[in-house]
Amino acid sequence: MDATTTFVADVTVALIAGSIAGAASRAARVTPIVGYLAAGIVIGPFTPGYIAHGANLSGLAELGLIFLLFSLGLGFSLRELREGGVAAVLGNLAAMAACAAVVWFAAARFGVVHPLTLGLAFAVSSTAVGVTLLQTLGVLARRPGHLAIGVLIVQDLVAVLILVITSTPASQLTIAGLMLPLARAAIFVAFALTLGATVLHRVFTLALRRAGRDLLVVIFSAVALAAAWLGHLAGLTFEFGAFVAGAVTSEAAGSIMVQNVVRPFRELFVMLFFVSMGTLVDVSSIVANWRIVAFIALIAIGARLLLWSGAGRTVKLANPAALAFSIALLPMGEFNIVLGNASFAAGRLNRAEIAILVGAGMITILVSALAASLGRGKIGRFESDHAESSQARVSDVTIVGYGRVGQTVAAMLVERDVRVVVVEHDAELVRLAQRAGLAATFGDGGDPDVLESVVSNETKVVLTSIPDTAANAAIVRWARARNIEAVVARAARLEEIPRLVDAGALAALVPEIEGARAFGAAVLRALEESAAP
């Protein structure tokens, strides 16, 4: 086959294999990352059958990596970082260092060539898998969930610094050689923050108000790729530039809007990234080193549960809540693979060590998923800080978004003794809703898993009031697919109302226009009263 035919064949096989394996993982209630890696192993050069050419997937995998880190950066929030408090941050850093040291020591005892680098790759937890586990355990909107998200954000930030270290060849890891990339990173972040607070904030605000979804995809893709390229030119990495771009974009434009825009093609490239990483895994190496894979996985699991349970206790979580906290921080995932890939490219890990990392990481995901399934509905019941009975989630109306529209509607409904549940991604607004006596869940209203946790068979109406028509249309379709007839949606502009109606909305309203009509009606009444004798 010629080069073009081979490229199309490899991408086609990778997408088919990744889709099947990812769907199987979801059906088994395991993160699709496991399925993507397994698909890569199946089509890789170390297993019989079809063999994908790594060179064909490498470019697409790099794009996937850039968008993955951009998405992780979008999840970075100073507000959530402050939620954890100083004690949680310090305890988290100590637990990360201790976990890395434990794996380093174990790997050295087994004669691993690069035990320190392998230990560093084990220091961080998976944000994507951790949030899913918090939802499963039923504590995402409670104090353990808020603390865990803040800790995961800190870990992502520390992982970016580890990425700078692991992507540097060992020969350059002197004090001076290490300070140079760290200085470059600090300058790059300072420049990005300045640019984000000035030019990008205005550009993003204008784009979110006036641009269609297609143009928004182009704009945010360009930002991610341009930042990755500038990071590379600055002597850092594509991944570092993309993460910083995501964090700056989150502060300048609001992460929930951007995540909904980039999610479809981000998932495509991320799938190709993990499938590509799976092709690097030598199954025979895992089998040949099964003892060290199993031992490191078990010691990492034990250390993580012990260390982060202890960290949870230091911030006065009850034992069941501290256990939920540690289960959410148990699994490895996307950033561990990123660190392993960067270390392999820099000659800091070999193929056998990559196999150990991936094999042990998959075990941590499976164990944490099993633990969360066993603890589903049990751990949350014993959490006393924000105790909520299962009946508190039963509602007549679910409101997605607790901004000014959501707050006004909720107040009107509560006055009439209507049961209301709120979904909001802003922790401050969640607390505001809770102080108002509402059952409030912290999470992205566009995430089907979050919606599943708050919409029950007794839900009669869903109101989605977030200022993002595309996300609202997706929520409308989700609700209608679950036979909820009455869905009221917010449109950003008048011309977007038909889009929401076509999606199945019972009513679609533009708050500014409805407000203007109320003002107009008040003016007309005033005119009539002034004209009366």
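Two strands pair if DSSP finds at least two bridges between them. Helices (H or I, at least four residues) and strands (E, at least two) are DSSP runs, numbered from the N terminus. The model is predicted: local features need pLDDT of at least 70, side-chain atom pairs count only at pLDDT 80 or more, and totals for chains, interfaces and linings use all residues. Residues are numbered from 1 along each chain as its sequence is written, and side-chain values use heavy atoms, without hydrogens and water.

**Exercise 1. Describe the sheet: give its strand order and find its edges.**

Step 1. Count the elements. The chain has 23 helices and six strands.
Step 2. Read the order. The six strands form an open sheet, ordered 3-2-1-4-5-6, with parallel pairing.
Step 3. Look for the edges. Strand 3 (439–442) and strand 6 (507–509) have a single partner strand each, so one side of each lacks a neighbour in the sheet.
Step 4. From one strand to the next, it averages 15 degrees. Angles run from 0 to 180 degrees between N-to-C directions, and axes are lines fitted to C-alpha atoms, for helices over the stretch in contact.

**Exercise 2. Trace strand 2 to its two partners, strand 1 and strand 3.**

Step 1. Start with strand 1 (residues 397–400). Four bridges join this strand to strand 2 (residues 420–424), and the two run parallel. Ile 399 has Val 422 as its bridge partner.
Step 2. Move to the other side. Strand 2 and strand 3 are also parallel, joined by four bridges. Here Glu 424 stands opposite Phe 442 of strand 3.
Step 3. Check the side chains. In a regular strand they alternate between the two faces of the sheet. In strand 3, Ala 439 and Thr 441 point one way, and Ala 440 and Phe 442 the other; all are buried. Buried means under 20% relative accessible area, exposed over 50%, partly exposed in between (1.4 Å probe, protein chains only).

**Exercise 3. Which strands do helix 18 and helix 21 lie across?**

Step 1. Take helix 18 (residues 404–415). Helix 18 lies across strands 1, 2, 4 (461–464) and 5 (486–490), at about 160 degrees to strand 1. Contact means heavy atoms within 4.5 Å.
Step 2. Take helix 21 (residues 469–481). Helix 21 lies across strands 1, 4 and 5, at about 175 degrees to strand 5.

**Exercise 4. Where does the salt bridge of Asp 396 lead?**

Step 1. Know the cut-off. A side-chain nitrogen of Lys or Arg lies within 4 Å of a carboxyl oxygen of Asp or Glu. The structure holds eight such bridges.
Step 2. Name the partner. Asp 396 meets Arg 419 at 3.1 Å, N to O. Asp 396 sits in the loop between helix 17 (379–382) and strand 1, and Arg 419, 23 residues apart, in the loop between helix 18 and strand 2.
Step 3. Compare the cover. Asp 396 is buried at 13%, whereas Arg 419 is partly exposed at 37%.
Step 4. Arg 493 and Glu 496 come to 3.0 Å, and Glu 496 is buried at 14%.
Step 5. Close the network. Shared partners join Asp 396, Arg 419, Glu 458 and Lys 460 into one network of salt bridges.
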